[in-house]
Amino acid sequence: MSRATHTCPCGAELRFKQDLEKESGGTVARWNCKQCGTRVPPIVAEKIKHQHPS
Ligand SMILES: [Zn+2]
């Protein structure tokens, strides 16, 4: 299984769960860039949140 990465417009490379910030409040969890708060596309976030550095 390949690893998903997402490069945020702020320049941060999002690779692991801890690079994301969960935004709750709705029925669907939203994931944002931890650095700047920009929304991460749900499909990408879904993959990234299962990734941990090892
Ligand atoms: Zn960002």
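Ala 45 lies in helix α1, where helices (H or I, at least four residues) and strands (E, at least two) are DSSP runs numbered from the N terminus. The model is a predicted one, in which local features need a pLDDT of at least 70, side-chain atom pairs count only at pLDDT 80 or more, and totals for chains, interfaces and linings use all residues. Residues are numbered from 1 along each chain as its sequence is written.

Is Ala 45 buried or exposed? Ala 45 counts as buried, because it has 23 C-beta neighbours inside 10 Å; a residue is buried if 20 or more other C-beta atoms lie within 10 Å of its own, exposed if 12 or fewer, and partly exposed in between, with the C-beta atoms placed from the backbone. Once residues up to four places away in sequence are set aside, Ala 45 touches Leu 20, Trp 31 and Val 40, a contact being two residues whose C-beta atoms, placed from the backbone, lie within 7 Å. Phe 16 is 29 residues from Ala 45 in sequence, yet their C-alpha atoms are 9.3 Å apart in space.

In soluble globular proteins, nonpolar side chains tend to be buried together.

Strand β4 can now be followed to its partner, for strand β3 (residues 20–23) pairs with β4 in the antiparallel sense over four bridges, and two strands are said to pair if DSSP finds at least two bridges between them. Glu 21 has Asn 32 in β4 as its bridge partner, while Lys 22 is bridged to Trp 31 in β4. The two strands β3 and β4 form a hairpin with six residues between them, and in the turn Gly 25 has a positive phi of about 135°.

Arg 15 is partly exposed, because 17 other C-beta atoms lie within 10 Å. Leaving aside neighbours within four places in sequence, Arg 15 is in contact with Arg 3, Thr 5, Ile 48 and Gln 51. The C-alpha atoms of Arg 15 and Val 44 are separated by 9.9 Å, although the two residues are 29 residues apart along the chain.

Turning to the whole chain, there are one helix and four strands, and from the N terminus on the elements run β-β-β-β-α. The C-alpha trace spans about 30 × 25 × 15 Å along its principal axes. Of the 54 residues, 17% count as buried. Among contacts with a separation of 6 or more, 49% join residues 24 or more positions apart.

As for confidence, the mean pLDDT of the chain is 92, and 98% of its residues reach 70 or more, pLDDT being the predictor's confidence in each residue, from 0 to 100.
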